[in-house]
Every structure is written in structure tokens, then in C-alpha cells.
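Subject: Structure handover and findings

Dear colleague,

I would be grateful if you could read the notes after it with the coordinates open.

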Amino acid sequence: MASIRKQPRSRYWYACFQLPDGRLTQRSTKQTDAGKARKIAEQFEKAAQAGKNARLTELQARKVMADIYSIANPTKMKAATTRKYLKDWLAAKEVETSTNTHQRYETVVTQFLRFIRTKADQDLFHLTTADLQAFRDELSGKLSRGSCNVAIKIMRAAFNEARTQGLMDSNPAQLVKLMRTEKFRRRPFTPDELRRVLAEADPQWKGMIAVALYTGFRLGDVASLDWQSINLDAAEISMVTGKTHRQMSIPIAAPLLRHLRSMENRSGPVFPEACETYQNSSTTSRLSKAFYRIMEKAGLVKHRTHESTGKGRSARRNQQELGFHALRHTATSLLKNANVSDAVARDIIGHETAAISASYTHIDLKTKREAVDRLPDFL
């Protein structure tokens with residue numbers, strides 16, 4: 001039967017009990033109160049007896065530790081399965097992040113829970129760095145290295161919060177090394193390629209291409225552009241970008257201004273069909289595919305078929321050097337080719353780095369207007 005005793009020069013009571021193999025042992029209860037120490041000793045004894053009879057399951061062991069914790073502390077011991085914790089973490093992130101960011105988190109979490117299988121319903125403390133490294137390696141056969149690194153960074157963030165909450169004593173994803181990557185670079189369109197794309201585009205896409213070409217806006221920002229953001233009299237576009245949430249004020253280049261003035265409907269979304277597609281899917285995927293088909297017609301990219309490649313839907317996609325985002329690079333190139341300073345070009349396109357931010361506080365509209373006035377007319 002369990003008992004308690006004090007050792008010389010220690011203020012804590014020690015629990016004395018028999019281990020499953022019959023050996024007598026002592027464990028500090030970290031208690032100065034004899035009553036609490038005796039209850040803890042009884043819990044140690046209870047666990048040892050269960051182990052002796054080969055009936056000590058993980059769940060029982062956790063319960064015993066929880067009972068000991070509750071004796072010594074007024075609050076319950078924090079515990080959670082990996083699945084429950086990550087689901088709760090996702091729910092919290094839903095109100096803290098943008099829709100697209102949350103969807104990215106949700107995709108990675110779903111992939112991870114599927115990968116670890118039954119371990120997902122075990123306590124968080126069972127997760128190891130090896131589990132996260134194996135997950136990274138599994139993804140590397142399906143995704144680009146950059147996407148694998150993003151997944152690990154998401155898991156790092158999730159488990160770092162678990163560590164902060166006291167649910168884990170360390171972050172198992174923190175020691176997983178990121179994969180070495182060679183950054184994929186899109187190239188700008190050449191003048192001839194631009195003309196070929198514009199020739200194949202319908203009126204809506206021609207307008208969208210024109211906006212991206214003369215402002216550097218991303219596809220989502222172009223699709224969601226509203227006439228309220230456009231002042232034709234002042235020849236200016238003012239809007240908050242979707243990705244960086246940056247307030248942008250850009251003078252409208254003469255070719256783009258001429259095109260916008262030629263459009264009849266000037267209320268609501270500038271490009272209604274594209275806006276509806278973007279809002280319904282919450283991503284630019286369908287719009288990107290539509291633009292790819294325009295590039296196909298222009299003979300700039302290979303035709304995509306719906307025939308199976310045998311790799312499955314999860315296989316790594318081939319990256320294209322040309323796409324709608326390449327118009328952003330084209331806008332930057334056109335500005336630099338017109339001898340516009342790097343700082344002004346970055347301000348117009350919306351690129352921002354610490355070095356650029358430190359070199360100036362504000363680029364006035366007049367300076368930016370002088371810059372866009374140098375751009376060539378492709379419309």
C-alpha cells in the first residue's frame with residue numbers, strides 16, 4: 001500500500017509505492033501538504049497496479065496524471081488531440097485571416113491530419129519532428145518545394161500556439177528544415193506577345209488586360225475593381241489591394257483612360273462577369289484558366305487537354321513563365337524601360353521593401369503621372 005515520507009533536507013513529501021515489476025520506489029509529490037501528498041501517492045499506486053496487471057492504457061495513464069494534476073492545482077490539466085486542436089486553431093484563424101489565407105491553412109491541416117492517420121486522434125504530445133519531416137517529404141512528391149515550405153511554416157505557426165498554450169513542451173515543426181528552392185520567375189510579355197493576346201481577347205478581357213498592364217494590379221484586384229474607385233475626370237484609380245491591403249492611388253495612363261471612357265456601363269463592377277466569377281469561387285483559379293485559353297489562341301502557350309497524365313490531381317503542376325501575373329512584371333519593365341526611377345516604379349506597381357520604404361516617405365501623384373505618361377500605347 002502506498003505511503004508517504006519525508007527525506008532529510010527536503011520540504012516535500014515523497015510517495016512510496018511498488019512498481020509493476022515489484023521494486024519499491026519513491027517519487028517526489030512536490031507537495032508540502034501531507035493530505036495532498038497521500039492522495040498523489042495513491043494515484044501512483046493505482047497506476048502501478050494497472051501496469052502490473054497489463055491493463056494500463058494510454059487513456060488510463062493520462063487520467064491518472066490528470067487526477068494527480070488536479071490534486072496539486074486548482075485548474076484542470078490542459079490536453080487535446082491533434083485533430084481537435086488543429087480544428088479549433090482553424091476556427092480561430094477564420095476570423096483572424098483573409099478567406100484565401102484561411103483556405104490555405106485548412107488545406108494544409110486537412111492534408112496533415114490525413115497523413116498522420118490514427119495519430120490524429122492521439123494527444124498532441126505524441127507528435128514528433130519525424131512526423132512533420134515525413135509529411136514534408138510526402139508533399140514534395142506532389143507539390144513544388146516552395147509549397148512544401150509554406151505547409152511547414154503553417155504547421156510551425158499552429159504548433160507554436162499550442163506550445164504557448166501549454167499543450168506542448170516544444171514545437172515539433174520548428175526543427176524541420178525548409179527545402180532549398182530555386183525561385184521561379186515569370187517573365188514579362190514582349191510587345192508582340194501583348195498585341196497577340198489583346199487581339200484574341202473579348203471586350204471584357206481586353207479591358208482587364210489593359211488595367212493590369214497600366215497599373216500592375218493583380219488578377220483579383222482587377223476582377224473586383226469598381227467604378228467607384230475610378231475618377232475619369234481626375235484620371236485616377238484609388239483602391240485598397242486585396243493581398244497587401246495597401247491603399248493605392250494611381251494616375252490612369254492615357255491609353256487606359258481612353259479605353260475606360262469608351263465603356264458604356266459605369267456603375268458597379270467594371271468587369272461584372274469576372275467579378276461574379278471571382279466572388280463565387282473566392283479564388284482567381286477560374287479566371288486564370290480563362291486567361292490561359294486566350295494565350296493558347298494567341299499561340300503563346302501549349303494547349304491543355306483534359307486527358308489523364310497518370311499523375312493524379314495531387315501531382316505537381318508545371319509552372320508557366322507567362323500568365324496574368326506576368327502583366328504585372330510587364331508593367332514594371334515598361335516603367336523601367338521608360339527610365340522611371342525604381343522607387344517611383346515600385347510605388348506605382350505596389351512593390352514595397354524595407355530599403356525602398358527607408359528611402360522615401362511618399363511619391364506624389366504628379367511624379368507618378370509623369371511616369372505613366374511615358375508608357376507606350378498598346379490599345
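This is a predicted model: local features need pLDDT of at least 70, side-chain atom pairs count only at pLDDT 80 or more; totals for chains, interfaces and linings use all residues.

Three strands form an open sheet in the order 1-2-3, and their pairing is antiparallel. Strand 1 (3–6) and strand 3 (24–31) are the edge strands, each pairing on one side only. From one strand to the next, the twist averages 35 degrees. Six bridges join strand 2 (residues 13–18) to strand 3 in the antiparallel sense; within this pairing, Q18 has L24 of strand 3 as its bridge partner. Helix 1 (residues 34–52) packs on the sheet and touches strand 1, strand 2 and strand 3. The direction of helix 1 makes about 25 degrees with that of strand 2.

In soluble globular proteins, nonpolar side chains tend to be buried together. Here the largest nonpolar core comprises 62 residues, and F189, W205 and F291 have the most contacts inside it. Helix 8 (residues 203–215) supplies the largest share of this core, namely eight residues. Which residues does F291 contact, leaving aside its neighbours within four places in sequence? They are F189, V197, W205, I209, G323, F324 and L327. Another core, of 30 residues, lies apart from the largest one; Y105, I116, A151 and V176 are among its members.

Surroundings of L335

L335 belongs to helix 13 (residues 326–337). Its relative accessibility is 1%, so L335 counts as buried, the limit being under 20%. Not counting residues up to four places away in sequence, L335 touches V340, A345, I348, I349, A371 and L375. L335 and P376 are 41 residues apart in sequence, while their C-alpha atoms are 9.6 Å apart in space.

Salt bridges

The count of salt bridges comes to 15. Three of them are described here, beginning with the bridge between E161 and K93, whose closest N and O atoms are 2.9 Å apart. This pair links distant parts of the chain: E161 lies in helix 6 (residues 145–164) and K93 in helix 3 (residues 82–94), 68 residues apart. Are the two partners buried or exposed, or in between? K93 is buried, as its relative accessible area is 13%, whereas E161, at 29% relative accessibility, counts as partly exposed. Both residues also take part in a network of salt bridges that links K93, E96 and E161.

The bridge between D192 and R196 has its closest N and O atoms 3.4 Å apart. Because D192 and R196 are four residues apart in helix 7 (residues 191–200), about one helical turn separates them. D192 is partly exposed, with a relative accessible area of 44%, and R196 also counts as partly exposed, at 34% relative accessibility.

Finally, D342 forms a salt bridge with K336, and the closest N and O atoms of that pair are 3.3 Å apart. D342 has a relative accessible area of 32% and is therefore partly exposed. K336 likewise counts as partly exposed, at 42% relative accessibility.

With kind regards

Definitions and conventions:
Residues are numbered from 1 along each chain as its sequence is written. Side-chain values use heavy atoms; hydrogens and water are left out. A nonpolar core is a set of buried Ala, Val, Leu, Ile, Met, Phe, Trp, Tyr and Cys residues joined through side-chain atoms within 4.5 Å. Buried means under 20% relative accessible area, exposed over 50%, partly exposed in between (1.4 Å probe, protein chains only). Helices (H or I, at least four residues) and strands (E, at least two) are DSSP runs, numbered from the N terminus. Contact means heavy atoms within 4.5 Å. Two strands pair if DSSP finds at least two bridges between them. Axes are lines fitted to C-alpha atoms, for helices over the stretch in contact, and angles run from 0 to 180 degrees between N-to-C directions. A salt bridge is a side-chain nitrogen of Lys or Arg within 4 Å of a carboxyl oxygen of Asp or Glu.
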